[in-house]
Every structure is written in structure tokens, then in C-alpha cells.
Amino acid sequence: TTTLLINNILRHKKKSVACGNIGYSICDAAITNNEVFVVELSSFQLCGVKSFHPYVAVILNMNKAHLDYHITEEAYYEAKTKMLINQKENEYLVYNGDDENVVRHLKGSAKRISFGMDKRNDYYYQKGYLYHQGKRIIKIAYDHLIYDKMASIVVGMIYKMPIKIMKKELKRMKTLPNRLEKIYGNIYNDAKSTNPSSTLNSIRQFKGNIILICGGIDRNEDLSLLRNDLYRLKKVFCYGETANNIFNYIEKNDVECDISSDLNEALAKIKQKKNDILLF
């Protein structure tokens, strides 16, 4: 979402292209005549980084994930921050200053620009507006994409993009497929939520009565991240390789949970009432 929004903002004044982990490879993009490459990089891709140093690096959040591959939490964080180690003093690091893990793992010599809800950040959100050093910059609607929006605007400011262009792109911004995508009524598809951290962000968008459908490959994720927000869940339907882990954790925390062999079986069991949120 952030990658596409940044690209949509920059392309008004720059020859820019969105590429990387979003589906258009960096190699294919590299042979085009674009001057700015807005690249989404995963921790897997960053593992092999040696001399790479982006003009602007953006970090939205860091919560331990993919431990089936990285093994340890610190190894994961080290991979995520490899894009920072070669940055030069005339380059920029845009980061979420509200995220303690991000702040704790900052490195490199780039100019640091923070964003977030806390007024101590360089850019901060307050009552519908993004501020910079006490000055109101742009109006932003608050929703689950608020951090994506703030990061994108900061990058736009670095590239001296006109405020009217950024306002236009914020208005045009839509929820992408499989990212808390409203399917029908109170049914939402958040299939891109592949770890407890992103799942937590999703369930916090609703006030309650959530029927959660989840499961899949067991990546040794830390389900305890959900602990303080389990009260939002009415019932959980789980399936797949990680179903038993989910079931044991959810039941232990006094939330009703049901195991199914696959998604179709889970869907067949669900009885959704009018005010229930069905979140996949």
C-alpha cells in the first residue's frame, strides 16, 4: 500500500515506477528509463544485501516474523535493517517513531525523519491533520492505513511534491485486494495478514463481535501479541498446519475456537449474525 501510494505521488513530477515484492521485479524495472524506483523489499531479499543504499529508506514497523526462516528474532531485525547500513549522510531514513522495535534497531548515517502519533516525532498526526514541527501540513482521514499515509507524505515532502498533488492521491487511495478488503456487508478479506502483528492491526479496526477465520503454514509465530485484544473476538475458526497452536492458545484465553480441516469446512460451520464482523 505504501509503495503504491508513494509511487502515485511521485509520478506526477518524476519518472517513477513501483517494483520489487509487489509483483514487478526490480530487474525488469531496472532496464526501463525511470529515474525513481519505489521498491518494496522483503526480509528474504534483504538478507543478501551488501552495497545497496536507497536514497530514501522507509520502515513502517518491525515485529518478529518469518522465524521459520530467520530462526531468531534478532536475525530477522538484522535482515530488515540491512538497507540502512550503507546509507550516506545525504540520504534519508523515514521511520515510524511510535514503534519501539524500529527505534531500537535504527542504524546508518542517513538523515532520520520520524512520523507517528506522538508529538515528539518530526511529523505527527493530530485531529485529522499531519503536522511538521507544529505546522499543519495536510489533512488526512484516520483509518487502518494512517501509517501508510504518513510515511508516503513524508517521502513526498522530501521530493518537494506539491501538497495539492498529495491531497489528490490521498483521495484516490483505495484499499488493495486482500488487505482488509470489504467483500460484502460485514465480510472482510485480509488474506495479506500473514502474521499476528498484522492480524492485530486488522482486528483493532472493529469494535467487537468479530468472527475470525485464520490458519495456514506454521511459521513459529508469537500468538501472545494478540493477548490484550482477544476480547474483541466472538469466535475463532482455524484450519491448516497451525490450527492446533491457534486452538490451544485461543481456548486457553477463554475465547471459543473451532478447528476445521480446511477453509471450506470452516465456512460451512459459520453462522454470522447481522452485527457480526466476519474477518478472514
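**Ground rules**

I number residues from 1 along each chain as its sequence is written, and I leave out hydrogens and water, so side-chain values use heavy atoms. Because the model is predicted, local features need pLDDT of at least 70 and side-chain atom pairs count only at pLDDT 80 or more, while totals for chains, interfaces and linings use all residues.

**Entry 1: H1 against H8**

I looked up how helix H1 (residues 2-10) packs on helix H8 (residues 163-172). Helices and strands here are DSSP runs numbered from the N terminus (helices H or I, at least four residues; strands E, at least two). The H1 and H8 axes lie 9 Å apart, at an angle of about 140°. Axes are lines fitted to C-alpha atoms, for helices over the stretch in contact, and angles run from 0 to 180 degrees between N-to-C directions. The crossing of H1 and H8 is right-handed. Right-handed means the near helix is turned clockwise from the far one by less than a right angle; left-handed means anticlockwise.

Which residues make the contact? On H1 they are Leu 5, Asn 8 and Ile 9; on H8 they are Ile 165, Met 166, Glu 169 and Leu 170. Contact means heavy atoms within 4.5 Å. By class I get 5 nonpolar, 1 polar and 1 charged residues for H1 with H8. Nonpolar covers Ala, Val, Leu, Ile, Met, Phe, Trp, Tyr, Cys and Pro; charged covers Asp, Glu, Lys and Arg; the others, Gly among them, are polar.

**Entry 2: H1 against H7**

Next I took H1 with H7. Their axes come within 9 Å and cross at roughly 35°. This crossing of H1 and H7 is right-handed. H1 contributes Thr 2, Leu 5, Ile 6 and Ile 9, and H7 contributes Asp 148, Lys 149, Ala 151, Ser 152, Ile 153, Val 155 and Gly 156. The H1-H7 contact divides into 6 nonpolar, 3 polar and 2 charged residues.

I then checked Ser 152, which sits in helix H7 (residues 146-158). Is Ser 152 buried or exposed? Ser 152 is buried, at 1% relative accessibility. The scale is relative accessible area: buried under 20%, exposed over 50%, partly exposed in between (1.4 Å probe, protein chains only). Leaving aside residues up to four places away in sequence, Ser 152 touches Thr 2, Leu 5, Ile 6 and Ile 9.

**Entry 3: salt bridges**

I searched the whole structure and found 10 salt bridges. Each is a side-chain nitrogen of Lys or Arg within 4 Å of a carboxyl oxygen of Asp or Glu.

- Arg 104 and Glu 74 pair at 3.8 Å, N to O. Arg 104 is in helix H6 (residues 100-104) and Glu 74 in helix H5 (residues 73-80), 30 residues apart. Arg 104 is exposed at 51%, and Glu 74 partly exposed at 43%.
- Arg 172 and Glu 169 pair at 2.6 Å, N to O. They are 3 residues apart in helix H8, about one helical turn. Arg 172 is partly exposed at 44%, whereas Glu 169 is buried at 2%.
- Asp 229 and Arg 232 pair at 2.8 Å, N to O. Asp 229 is buried at 4%, and Arg 232 is buried at 14%. A network of salt bridges links Arg 204, Asp 229 and Arg 232.
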